[in-house]
Amino acid sequence: MAVFKLKINNRDYQTEADPDTPLLWILRDHLGLVGTKFGCGMAQCGACTVHVNGEATRSCVLPVSTVSQAKITTIEGLSEKGDHPVQQAWNEVDVPQCGYCQAGQIMTAAAFLKKNTKPTLPEIEAAMSGNLCRCGTYHRIREAVQRAATKKK
């Protein structure tokens, strides 16, 4: 076991864990930040997406030992009041059906829109293609990303 100091959602945390423990389990089990979901455990579905230094990253395969100097943002830290443009658009379009994948979808969209403020539909589809939705709300996800791109942060 080792002690890790982490910067998550602009707060400092300290936790003891095996260096190979995936960040996902540190967030959920050690720190109680349960907005980030476990989906597949193989970085294939996107439910566990968080931002690491502003990049959308799959936390289920990311060892905690690799992020001690990183700035980590989870869905809980995307905005204090849930008013990030992507979150607003998600509500306006009524994207979720079951909602399980939505934190990962939102985190992927937010990182994408930070880099590409005027995306085309094919760019949105490509950026979001790695996030799976069991309910099939892809048309609403695309619509919400398009809407979020028009909002100011």
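Residues are numbered from 1 along each chain as its sequence is written, and side-chain values use heavy atoms, with hydrogens and water left out. Because the model is predicted, local features need pLDDT of at least 70 and side-chain atom pairs count only at pLDDT 80 or more, while totals for chains, interfaces and linings use all residues.

Helix 1 spans residues 23–30 (helices are DSSP runs of H or I, at least four residues, and strands are runs of E, at least two, numbered from the N terminus). Its residues L23, L24, I26 and L27 are buried, where buried means under 20% relative accessible area, exposed over 50% and partly exposed in between, with a 1.4 Å probe and protein chains only. The cover over these buried residues includes strands 1, 2, 3 and 5.

Turning to charged pairs, the whole structure holds six salt bridges (a side-chain nitrogen of Lys or Arg within 4 Å of a carboxyl oxygen of Asp or Glu). One of them joins E55 and K115 at 2.7 Å, N to O. E55 sits in strand 4 and K115 in helix 3, so this pair ties together parts that are 60 residues apart in sequence. E55 counts as partly exposed at 38% relative accessibility, whereas K115 is exposed at 61%.

R147 has two partners: E92, at 3.2 Å, and E143, with the closest N and O atoms 4.0 Å apart. R147 and E143 both belong to helix 5, four residues apart, or about one turn. Through shared partners, salt bridges link E92, E143, R147 and K151 into one network.

Technical notes:
Contact means heavy atoms within 4.5 Å.
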